[in-house]
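Colleague: Please show me the model and its sequence, and then I will ask about it piece by piece.

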Amino acid sequence: MILSGLKQLWGRYVELLASRPLSTRCVTAFFLLGSSDVVRQGIELQLHRHTQWDASRTLRMSLWYSVIHAPVYHLWLIMLDRHIGPSQSPRIVAIKVLMDCFIFAPTILGSFIFANSLMQGHSVAEARQSWYPKYVSVMQVAWAYWLPVHVVNYGVIPLAFRLLFVNTAMLVFGVLLSALVNTPKDHGPETVVFKE
C-alpha cells in the first residue's frame, strides 16, 4: 500500500519534471533546503545554542536555493551537457566535476554567503568583512563533500535527475552550510574544527 503510493508520487514527480522542469526543481529545492535548515536548527536547539526556531533563517535558505541556486544550476547542467558533452565517459565526468567544483561552486557559494549576511540585517561593510573567513570554511567543506558526490552525479545520474540528486545531497550539505553561514549578528563566524 505505502510502496504503491510512493510509486504513484514518484511517477507524478517525473511527469512534472518533464512538463515543468524548472518550476518543479525550484519547488523541490525550496523544501529540501528548508528541511536542511530545520534539521540544523534542531541540532542547535538540542545543544542549547538557541531557544527557539528562527523561521526567517529557514526562509532565507529556502528562498536562495529555490529562486537563485536551482534555476542557475538547472541552466548550468544544460550548458555543461551542451558544451562539454552528454557522455558519461571518465574524461567528460572529470571535466564536469572540476568545472562544477572550481567554477560553479565558488561563485554560487560566495554569492550566497554575502547575500545571506545582507539578509540577516548586516551592513554591506559587515557582510564584506565576515565574507572571507566564512568563504574559506565553506569551500573547504564543499570541496571535500561535493567532489565525490559530483563523480556520481555526472557519472551515473541521467541529466533529468541531476538537480534532484544534488538537491537531495544538499540535505546533508545544507546542514553544514547552515552552521557555517548563519551566525548571530553580534558574534563572529562560527568556527568549525575538522580533526584528521
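Colleague: Does Thr168 count as buried, partly exposed or exposed?
Modeller: The relative accessible area of Thr168 is 40%. Buried means under 20%, exposed over 50%, and partly exposed in between, with a 1.4 Å probe and protein chains only. Because of its 40%, Thr168 is partly exposed.

Colleague: What kind of model is this, and from what number are residues counted?
Modeller: This is a predicted model, in which local features need pLDDT of at least 70 and side-chain atom pairs count only at pLDDT 80 or more, while totals for chains, interfaces and linings use all residues. Side-chain values use heavy atoms, with hydrogens and water left out, and residues along each chain, as its sequence is written, are numbered from 1.

Colleague: Which helix holds Thr168, and how far in space is Thr168 from Thr28?
Modeller: Thr168 belongs to helix α6, helices being DSSP runs of H or I with at least four residues, numbered from the N terminus. Thr168 and Thr28 are 140 residues apart in sequence. In space, C-alpha to C-alpha, their separation is 9.1 Å.

Colleague: Is Phe30 buried, partly exposed or exposed, and which residues does Phe30 touch beyond four places in sequence?
Modeller: Phe30 sits in helix α2, residues 21-46. Its relative accessibility is 26%, so Phe30 counts as partly exposed. Contact means heavy atoms within 4.5 Å. Not counting residues up to four places away in sequence, Phe30 touches Leu59, Ser62, Leu63 and Ser66.

Colleague: What is the angle between α2 and α3, and is their crossing left-handed or right-handed?
Modeller: Axes are lines fitted to C-alpha atoms, for helices over the stretch in contact, and angles run from 0 to 180 degrees between N-to-C directions. The axes of α2 and α3 are 8 Å apart, and the angle is about 145 degrees. A crossing is left-handed if the near helix is turned anticlockwise from the far one by less than a right angle, and right-handed if clockwise. For α2 and α3 the crossing is right-handed.

Colleague: Why is α3 called oblique to α5, and at what angle do their axes cross?
Modeller: Angles under 35 degrees count as roughly parallel, over 145 as roughly antiparallel, 65 to 115 as roughly perpendicular and the rest as oblique. The axes of α3 (residues 55-83) and α5 (residues 124-155) come within 13 Å and cross at roughly 60 degrees. That angle makes α3 oblique to α5. The value behind the label is roughly 60 degrees.

Colleague: How many charged residues are in the contact of α3 with α5?
Modeller: Tyr73, Trp76, Leu77 and Leu80 of α3 meet His150, Asn153 and Tyr154 of α5. Ala, Val, Leu, Ile, Met, Phe, Trp, Tyr, Cys and Pro count as nonpolar, Asp, Glu, Lys and Arg as charged, and the others, Gly among them, as polar. By class the contact has five nonpolar residues, two polar ones and, for charged residues, none.

Notes
Helices (H or I, at least four residues) and strands (E, at least two) are DSSP runs, numbered from the N terminus.
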